Amino acid sequence: MRDDFSDNVMKMAGAVVRAVVYTMLALPAVLVIISSFTSGTSMNFPPPGFSLQWYQRAFESEPFMKALWTSTYVAVIVSFLALIIGFAAAFAINRFSFPGKGLLQGLAFSPLVVPAVVLGIGLLYLFAWMHLTQTMLPLLVGHLVLAIPYVVRTVLASLSLHNRVLEEAAMNLRATPFQVIRRITLPLILPGLLSAAIFAFVTSFGNVTVSVFLTYGGNVTLPVQLFTYVDASYDPLVAAVSSIMIFVTLAVILTIEHLIGAERLA
Amino acid sequence: MIRRTFLKLATATAMSALAAPYVHAQDKKFAGVTLRVGGWGGLYDETIKKYVAAPLEERTGLKVEMTAGTQSADLVKMVANRENPPYDIYQADSAYMVEALKADFIREIKESDVPNIKRILPGFREYDEYGVPYSVFTYIPVFNSEQLEKPITTYTDLARPDLEGKITLPAATFDTNCLYLLGMAEENGGSISNMEPAFKLLEKAKDNIVALGQSTVAMIQMFENGEVAAGVMSDARGYEMRAKGLPIVSVMPPQGIYGATSYMNIPKNAKNPEAALAFLEQMLSDEGMLGLPRSMRLGVTTDVKLPEDIAKDMTFNSLERLALKKNVDWEKWMADRSSRIERINKILRG
Amino acid sequence: MNPPLERNRKFTAALLLAPMVLLLLGFLVVPVAGVLRSSFLDGDYLLEGTGFTVGHYLRFFSDSYYSSILWETFVDGVIVSLICLVVGFPTGYSLARLPPLARRWRTIIVILPLTLSLVVIVFGWLIILGRNGLLNSVLFNLGIISSPKTLLFTRPAVILVLVQQFLPFMILSVLSVVTQIDPVLEQAASNLRANRLVTFRRVIIPLATPGILVGCNLVFVLSISAFITPRLIGGNRVPMLGSLIYERIMSEFNWPSGAAMAFILFVAGLGFTAAFNALAASRLVMGGRLHAR
């Protein structure tokens with residue numbers, strides 16, 4: 001009897017915790033989306049009425065639209081490069097034995113723990129010294145560095161999930177390592193790769209703390225544009241632009257999810 | 001006075017008569033040129049685009065690209081890129097002018113290059129030939145008249161015990177906003193070299209403070225949401241809240257009002273110095289100068305005539321008010337900033 | 001394996017690792033080392049100092065104000081990690097055991113906050129926690145409070161928002177290990193008449209420990225270096241070292257001192273997580289021995 005009782009308590013507690021967690025995680029985004037449809041001119045909640053005026057303003061705003069484009073294309077390039085670099089490294093870490101593996105893994109995760117201000121200023125000076133600040137390069141490289149840990153983590157996890165019997169069989173059949181990767185490993189871990197792509201995309205798409213040092217006149221990203229905008233103005237345009245960011249992210253996740261199937265996400 | 005107006009009128013007519021065919025012949029002097037201006041975001045940038053950039057583009061073909069940034073991150077970028085500055089126009093307030101001069105990346109701007117400089121009122125060009133002042137903002141106490149029974153009249157009043165849990169002050173890192181401390185000091189026998197009275201008051205006001213605002217926008221939110229009933233804010237923001245229908249009263253402390261000036265600068269290695277000079281000239285023209293008063297009721301720096309309906313909402317709209325404007329020794333103010341920030345942090349967070 | 005093949009394998013491994021190592025050496029280690037170097041410069045303005053001094057480090061440790069903030073920052077980090085663990089573990093676990101369709105939207109809800117710009121998240125929380133906000137009106141209507149309370153600008157508010165921001169890392173870490181635990185093990189335990197609690201404690205938690213550790217480390221490290229949340233949600237009244245560093249570097253332009261503080265935080269954070277991991281590992285080994293007996 002007592003066992004049943006503790007079972008039920010755990011069940012109930014689990015259900016409550018989950019409800020609270022999902023509400024807490026979703027609520028800020030949901031509220032932002034709701035307030036973006038306000039017919040009023042300030043960010044009060046609940047909104048006085050429904051209107052699409054702030055979306056119209058957002059789409060008419062050249063700085064925001066330009067920034068949306070910059071953010072999207074930087075994020076796409078970064079995801080692509082991060083996948084290639086991160087997969088190669090994760091594959092080597094998982095499938096080969098060599099000294100200093102722990103150190104290497106530490107290096108791969110270190111972008112997560114370096115304070116953003118330090119990385120931002122360090123990169124700014126490095127690129128200034130190379131006379132490359134007013135190009136796309138600082139932004140791409142900075143985001144690439146930030147995306148690596150997520151990609152390596154995700155790919156490592158999915159590499160360790162499937163066993164390597166198939167690869168070894170292929171190797172024994174004298175397939176070259178690259179043939180093995182292309183024909184056997186990649187198809188097997190495709191879901192992992194695609195969720196890694198999601199992480200890389202969103203890391204780049206949402207970053208503000210490092211980007212703020214690396215943007216220049218022609219290539220301000222959306223989060224940076226938003227960050228500076230809220231410093232000076234505070235109107236539902238912020239909510240509309242934020243919601244557009246949420247929609248873009250959702251679209252990316254859903255597309256990728258559609259490609260790999262929900263059950264294999266994350 | 002009449003003579004001057006006549007002269008102005010005559011010159012203007014003559015100029016326009018001459019200029020019309022001239023502009024035509026010139027076929028847009030800056031066609032194909034893009035001027036990169038470091039902006040401060042939001043309505044502020046919109047205004048400058050509308051009253052300075054747009055007319056200039058129409059006349060000269062100059063394309064202006066305004067990039068919103070923060071003063072601090074922009075300064076870091078300017079310093080890191082001395083050879084190849086990211087902006088052709090760098091904006092700084094009085095406090096950041098000290099930083100820009102210290103970092104030595106801006107050039108002098110002479111009246112011969114920007115003729116409208118002669119229209120700048122005395123006392124507004126604080127840094128010799130460096131920087132072109134174009135706007136004035138003040139930091140004064142404001143309060144919600146529906147939530148406070150006893151009005152606030154001075155900076156010192158912010159430490160009143162009946163304001164417990166009711167006020168917001170600007171974060172310590174905002175050098176110009178923190179002039180309220182100088183106000184507190186000078187109202188209580190202190191000075192810029194003796195800030196102790198202000199810190200004592202701040203200690204007293206500690207329990208009054210709900211939060212320090214990271215931006216004026218954050219502070220407006222606090223007023224709108226009823227988190228606070230009083231605080232220190234720029235005059236423009238006080239107007240903005242009144243325009244939104246909040247019962248906000250801006251206080252003009254009788255012993256003096258503290259404020260700062262916004263400047264435009266041209267970096268030493270700017271790519272398009274000629275276009276930048278033209279931009280400054282337009283900024284100081286009547287058309288450019290009246291933009292910020294129109295949209296935000298910010299103060300002007302030239303002898304431009306203010307329309308009555310705008311002037312009534314502005315802080316410096318009469319000689320008596322202008323007489324209240326205190327001069328600030330910015331060098332000293334900035335030299336003390338680190339110790340000031342640390343002191344404020346220790347008082348409020350300790 | 002014969003030697004030439006072995007050499008070949010080494011070469012392949014090096015080739016695969018080279019891009020990442022070069023990227024991180026060139027654009028992480030080098031710039032960060034540059035900033036580290038500046039923390040020893042004898043100066044207090046940008047990079048204009050010269051010489052070598054440990055003065056910036058000494059000043060930090062000689063002023064009890066800073067060491068107390070370092071301490072508070074760590075306490076906050078531990079609290080955030082613990083809350084994330086307590087609520088994140090059951091969520092991650094149940095997520096791993098859900099059928100695919102039910103998992104779909106839940107996973108998206110978990111990932112979405114990671115993707116949102118901090119500015120957006122903070123803005124949403126202002127709506128919830130404001131004096132006229134959602135939480136106040138719910139509590140008021142339920143009769144729990146009689147007048148609106150100031151919820152923002154307090155330490156609990158900062159911790160709450162940090163939890164929301166970093167909880168996804170915990171959930172995803174737990175999720176990734178639990179999916180690798182064969183449900184058959186749980187089935188076996190329950191066949192042996194172990195109740196849920198016992199199964200959890202004896203089977204699931206030990207097996208999921210690697211994921212829990214990764215999650216805790218991530219959440220802790222991210223929390224202690226947070227600076228936007230304490231500034232915006234804490235209204236500058238809740239000191240955390242991250243925001244002090246940001247101020248020192250971005251407002252005072254005192255890079256040497258800011259860099260020194262950043263490295264103190266960095267090293268102390270790494271030291272703390274390493275000690276925690278070692279402790280957890282030894283406990284786990286001991287636990288394992290106990291069970292073996």
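# Notebook: chains A, B and C

**Entry 1. Where A meets C.** I looked up the contact between chain A and chain C: 70 residues of chain A touch 68 residues of chain C. I note here that the model is predicted. Next I asked which elements of chain A give two or more residues to this side. I found α1 (2–36), α3 (62–95), α4 (101–109), α5 (116–129), α6 (137–161), α9 (190–206), α11 (222–232) and α12 (236–260) of chain A. The largest share comes from α1(A), with 18 residues. I then sorted the side of chain A that touches chain C by class. It has 57 nonpolar residues, nine polar ones and four charged ones.

**Entry 2. Where B meets A.** I turned to chain B. Here 25 residues of chain B are in contact with 22 residues of chain A. On the chain B side, α2 (42–60), β2 (63–68), α3 (71–80) and α7 (216–224) each supply at least two residues. I sorted this side by class as well: 11 nonpolar, nine polar and five charged residues.

**Entry 3. Annotated spans in A.** I checked the UniProt record for chain A. The unreviewed entry places "transmembrane region" at residues 12–37, 73–94, 106–128, 140–163, 184–217 and 237–260 of chain A. I examined two of these spans in the model. Residues 12–37 of chain A are 96% helix and 0% strand, and their end C-alpha atoms lie 37 Å apart. Residues 184–217 of chain A are 76% helix and 0% strand, with the end C-alpha atoms 45 Å apart.

**Entry 4. Chain C as a whole.** How many helices and strands does chain C have? I found 12 helices and zero strands. The C-alpha atoms of chain C fill a box of roughly 80 × 70 × 40 Å along the principal axes. Chain C has 293 residues, and 48% of them are buried. I also looked at contacts in chain C between residues at least 6 apart in sequence. Of these, 68% join residues at least 24 apart.

**Entry 5. Annotated spans in C.** I went back to UniProt for chain C. Its unreviewed entry gives "transmembrane region" for residues 12–36, 74–96, 108–128, 157–178, 203–228 and 259–280 of chain C. Again I examined two spans. Residues 108–128 of chain C are 90% helix and 0% strand, and the end C-alpha atoms are 22 Å apart. Residues 157–178 of chain C are 100% helix and 0% strand, and the end C-alpha atoms lie 31 Å apart.

**Entry 6. One residue in C.** I picked Ala281(C), which sits in helix α12 (residues 255–292) of chain C. Is Ala281(C) buried or exposed? I counted 12 C-beta neighbours inside 10 Å, so Ala281(C) counts as exposed. The cut-off for exposed is 12 or fewer. I also checked Ala281(C) against Leu213(C), 68 residues away along the chain. Their C-alpha atoms are separated by 9.4 Å.

**Entry 7. The domains of B.** I looked up how chain B is divided. Domain 1 covers 2–136 + 260–322, and domain 2 covers 138–259 + 328–349. Taken over C-alpha atoms, the centres of the two domains of chain B are 29 Å apart. The contact takes 14 residues from domain 1 of chain B and 15 from domain 2 of chain B. Which helix gives the largest share of the domain 1 side? I found helix α4 (residues 94–103) of chain B, with four residues. By class, the domain 1 side has six nonpolar, two polar and six charged residues.

Technical notes. Residues numbered from 1 in each chain as written. Chains lettered and ligands numbered in written order. Predicted model: local features only at pLDDT ≥ 70, side-chain atom pairs only at ≥ 80, totals over all residues. UniProt positions renumbered as here; feature names shortened; annotations may be inferred. Contact = placed C-beta atoms within 7 Å. Nonpolar A, V, L, I, M, F, W, Y, C, P; charged D, E, K, R; others polar. Buried ≥ 20, exposed ≤ 12 C-beta atoms within 10 Å, placed from the backbone. Domains from an automatic or database assignment.
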